[in-house]
Amino acid sequence: MEPLKRRLLVADIVSARTLLSARGLVVDRGSRKVLRGVDFSLSGGEVVGLLGVNGSGKSTLLESLAGLHPMSQGQVLRNDRSIETTVRDSEGQRGDITGFGLCLQTEGMSGDETVFERIRGACRVAGRADNSKALHQILSEWGLGHRAEDRICKLSGGLRRRVAVLSALVPVALNSEPSVVLLDEPSEGLDKSSRGLLLGWLRALAQRGHGILVATHDPEVITACDKIVTISETSELTSEVQHSKLEIANLPEPCSAESHMELVTWACRLERRNPIDTIGRGVPALVALLLAYTLSTDITRSSENYDLLAALTLTPAFITAIVTPAIIKRLSEERAGDWWRAMSGAGSRGWFSIMGVSLILPIPMIYLSWYVIAGDISSTMNSDVMLWLWLFAFVIIDLSVAASALHLMVSDLTRSGAVAGILLQLVLIWPFLQMTSALTSIMSNGMSFELALGQPFVDIAIAWLTVVLLWAMAVIIPED
Amino acid sequence: MDFRESGYALTYLGLAGIVFVSILGLEYAPGLKPCTGGGCWGAPEAYRILYLHVPFAWCSFLSFSVLFYGSLMWYLKRSEEAWVYFQSGADLGVIFGLGVITSGPIWASAEWGRPWDWGDMRLNSFALLTAVALFLLYSRQSQPDTQQTRDTLSAVGLFGFALVPITAGATTWWETTHPEVLVVESTETVGMSPDVRSFLLISFGLMCILFTGLLLLSNKRYRLAAEVSDRKNELDQEGIS
């Protein structure tokens, strides 16, 4: 009985500590104010149920607390660490919610992940050390042990929901420091036994001093709450304290902290499993190469045609760069991007655009194009071009980062599929033309490092600078 | 010997036979005359890859026939057994299709001076066939296993098979760079010499043994996968104890 008493004492002490708070939160959706000056705080050791009619702003409040929505006034602060830090404020400051558990109304997962990878990935993002044994034990308890190696896309809706809920609960359960869990309709689609487990876990997490906010309509989930906060259509919050008598579940022992580059690992792992990025970029580039080759056979290899030959050489590699990166498709799936944005905070957009880069294809593609198209061009010029083609490939790799950032801007729109995003990519024609001009100069007069307009090195530098500016504009401006 | 063991035995036998015939093809098979039947070879010695390339191509057609059978049976019966054949056909289509489109360019580089001819119907339609098989492989793995998914992929499987006669007849209907392979019509003076033809048929026979072994193993694998999936679904229904 001794350990239990000590735990209860710890819970009593930490219960007074505010872990997450919102001050004067105003969130607009178009001309409509969804949240109007909301003040809210979540303390350790409590399960707070967030209730309200449809459209009252429950999900918006929960997602704003996760830093997902820009706000016109107010701020969200986290106090679970030794110093108070900003999750997000109306000035545009962004922090992260690393260490939190987050379950959105939709699953927020890519279908190509396996169940085990998802839970382990959520723990890694939250900064927990790998503990495969504990994770397998948890999966078995939740009836997912036999599905551990299955892709999420192969699961039924109810099982997917279990995984989504677990990926919010487990990282916090493994954290010895008081932390926060944000759950939006977690019991939606769960069967009776899973709901029972969920409620037991909520009570157990609260007993360990964590703070839990649950947006719900489910009367069964409400029985697990210590406090019920009701949000009205005018964003007024009323709270009511209650006493939950539910049994607590057995939680795994906390494990040590460890930092991981999980987003990079996640993106690489999914591409290895389902290489839609490589195929999606490679196939159009090969078709472009075929067309370029067909066109080039009728072109005389003389200096008046060098600009055309240069454009044909660069086109296949350029096409690999402007194709929609697979990471953006994966992040659009079931709001997986929102989950990652909340977890990675301010730098998420920049990271996503860098992860969407076409890193490997431009180099072989540009050399292959030259090999196919150059034909009987003189050997002196051929060797000069071969010597400097890598520089063009390097700018095209940069260009693909900018293209990726532009795709990200479009994917942020609610109905991104209804937008002709390719029109934005046309802006990248400009650096492409600069590169064409530079390659033409090298073909005509060889490489020159003279710092004057029209010289190849300057043309390449202008193309590179244009690309960097475009990238910065697409990444920085949308982040408030 | 049970079903599964015979799959392993045939696969190992086929693999050993292919290695054996490759060595024979390189070292002991008769060479080509530099000029035969009105045409001359640029690299007559490079022809030896034919002993792998042509059997790969024919077994690729067999794979697509299995895929066609699986697709058609799926539409007619909606049976798990049909889906097993569909999956095996697609997987074998990738294996043998990749065999064709990687061995072909090796010969083409020596003979034509370039690995690929974008204007040749046979080459392009074979690449398309392999692309269809690859599409089926990745799509099947990345989609939920529902009837809608199976219906859609089966339709693609039927489309893939429709490409087979086009690919097979391409060298006859569109005479371009790819040489026409004459086997039945070959005589002492027309087509390939009897020695080359015998070697080719032996090689094809061994490749067929490999194909059969892989088909048996693949079918067994997918039957077991279906059983595992059923068992997992039962466990899902049992819920959390």
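**View 1. Chain B and its elements in a predicted model.** Chain B holds six helices and two strands, where helices (H or I, at least four residues) and strands (E, at least two) are DSSP runs numbered from the N terminus. Read from the N terminus on, the elements of chain B follow the order α-β-β-α-α-α-α-α. This is a predicted model, in which local features need pLDDT of at least 70 and side-chain atom pairs count only at pLDDT 80 or more, while totals for chains, interfaces and linings use all residues. Residues are numbered from 1 along each chain as its sequence is written, and chains are lettered from A and ligands numbered from 1 in the order in which they are written. Of the 241 residues of chain B, 32% are buried, a residue being buried if 20 or more other C-beta atoms, placed from the backbone, lie within 10 Å of its own, exposed if 12 or fewer, and partly exposed in between.

**View 2. Confidence along chain B.** The pLDDT, which is the predictor's confidence in each residue from 0 to 100, has a mean of 84 in chain B, with 83% of its residues reaching 70 or more. Among the elements of chain B, the lowest mean pLDDT, 62, belongs to strand S1 (residues 35-36), and the highest, 93, to H2(B).

**View 3. Helices H2 and H6 of chain B where they cross.** The axes of helix H2 (residues 50-77) and helix H6 (residues 194-238) of chain B come within 9 Å and cross at roughly 40°; axes are lines fitted to C-alpha atoms, for helices over the stretch in contact, and angles run from 0 to 180 degrees between N-to-C directions. That angle makes H2(B) oblique to H6(B), because angles under 35 degrees count as roughly parallel, over 145 as roughly antiparallel, 65 to 115 as roughly perpendicular and the rest as oblique. On the side of H2(B), the residues making the contact include B:Leu50, B:Tyr51, B:Trp58 and B:Leu62, and on the side of H6(B) they include B:Phe199, B:Ser203, B:Met207 and B:Phe211, two residues being in contact if their C-beta atoms, placed from the backbone, lie within 7 Å. By class, this contact of H2(B) with H6(B) has 16 nonpolar, one polar and no charged residues; Ala, Val, Leu, Ile, Met, Phe, Trp, Tyr, Cys and Pro count as nonpolar, Asp, Glu, Lys and Arg as charged, and the others, Gly among them, as polar.

**View 4. The surroundings of B:His53.** B:His53 has its place in helix H2 of chain B and counts as buried, because it has 21 C-beta neighbours inside 10 Å. Apart from its neighbours within four places in sequence, B:His53 is in contact with B:Val100, B:Ser103, B:Gly104 and B:Trp107. The C-alpha atoms of B:His53 and B:Thr102 are separated by 8.7 Å, although these residues are 49 residues apart along the chain.

View 5. Chain A has 18 helices and ten strands, and buried residues make up 49% of its 480 residues. Chain A averages a pLDDT of 89, but pLDDT stays under 50 over residues 1-15 of chain A. In the contact between the chains, 18 residues of chain A meet twelve residues of chain B. Helix H6 (192-207) and helix H9 (276-296) of chain A each supply at least two residues of the side that touches chain B, and by class this side of chain A has six nonpolar, eight polar and four charged residues. For the complex, the predictor gives an ipTM of 0.75 and a pTM of 0.84.
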